[in-house]
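Thanks for asking me to look this over with you. Here are my notes, written so that you can follow them with the model open beside you.

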Amino acid sequence: WGQRAEYAVASARQQIGDIVGCQSSEVVFTSGGSESDNLALRGAAMAARSAGRGNHLVVTAIEHYAVLNTARQLRELYDFDLTVLPVDSFGLVSIDHVAAAIRPDTILVSVMYANNEIGVLQPVAEIAKLVRQHGVLMHTDAVQAASQMELNVDALGVDMMSLGAHKFYGPKGVGVLYVRNGVSLEPVMTGGGQEQGLRSGTHNVAQIIG
Ligand SMILES: *Cc1c(COP(=O)(O)O)cnc(C)c1O
């Protein structure tokens, strides 16, 4: 019975890998979009700190609070520097603003794919290209985009991407963080080492299959 459950989790992981165009080992199951955003930001910030490289994060002013308040907490409690990029009257981030924000000590840029209130789509692929040219990690919160938009992580060129199942016909309480092979994150949930050591805890099997 246990092996059947394990197989079902592995095939759910493969299904997500097929949708986003990645390997199963790059799919981290979480409790939802919020946790995925937390793991991306906190995980990258803490990994950079423990490696002694970089202290600066860049997000946009219209991120979901799962990103924005995580970034603010990293600034207020952990002394990271934070740049919050403005958007124009259409809610769009300018590539020039992203370019101007990147510094030698920038760790991560997080720009959401589709906004949860006004639906604006950011030019994630163009921003990701620029960001990664500077050797900086690129995360996108694709929770709202998942049901509608291209999700191929290589086409988007992102290092990390958050998904939440209940925003694309799945159950509430489960999500995914795609983490590109080679990206170094500190776990925010420590324990028995499940999910490549990034998210410990016994799998929520029914939710993951859902
Ligand atoms: C809903 C939402 C989240 C949070 O996802 P949960 O699965 O509810 O935790 C994060 N970002 C965006 C853009 C969302 O719409």
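The points below cover one arginine and then the ligand.

1. Before we start, a word on the ground rules: this is a predicted model, where local features need pLDDT of at least 70, side-chain atom pairs count only at pLDDT 80 or more, and totals for chains, interfaces and linings use all residues. Residues are numbered from 1 along each chain as its sequence is written, and side-chain values use heavy atoms, with hydrogens and water left out.

2. Find Arg42 in helix α2, residues 33-50 (a helix is a DSSP run of H or I, at least four residues, numbered from the N terminus). Arg42 is buried (under 20% relative accessible area, 1.4 Å probe, protein chains only).

3. Which side chain of opposite charge is nearest to Arg42? That is Glu35, 9.8 Å away, and Arg42 has no salt bridge (a side-chain nitrogen of Lys or Arg within 4 Å of a carboxyl oxygen of Asp or Glu).

4. The side chain of Arg42 does have a polar contact, at 2.6 Å, with the side chain of Gln73 (a pair of N or O atoms within 3.5 Å; within protein, one must be able to donate a hydrogen and the other to accept it, and residues adjacent in sequence count only if both atoms are side-chain atoms).

5. Now the ligand: a polar side-chain atom of Asp141 lies 2.6 Å from one of its nitrogen atoms. For His166, a polar side-chain atom is 3.0 Å from a ligand oxygen. Helix α2 gives the most to the shell around the ligand: three residues.

Note on methods
Helices (H or I, at least four residues) and strands (E, at least two) are DSSP runs, numbered from the N terminus. Buried means under 20% relative accessible area, exposed over 50%, partly exposed in between (1.4 Å probe, protein chains only). Lys and Arg count as positive and Asp and Glu as negative; His and the chain ends are not counted.
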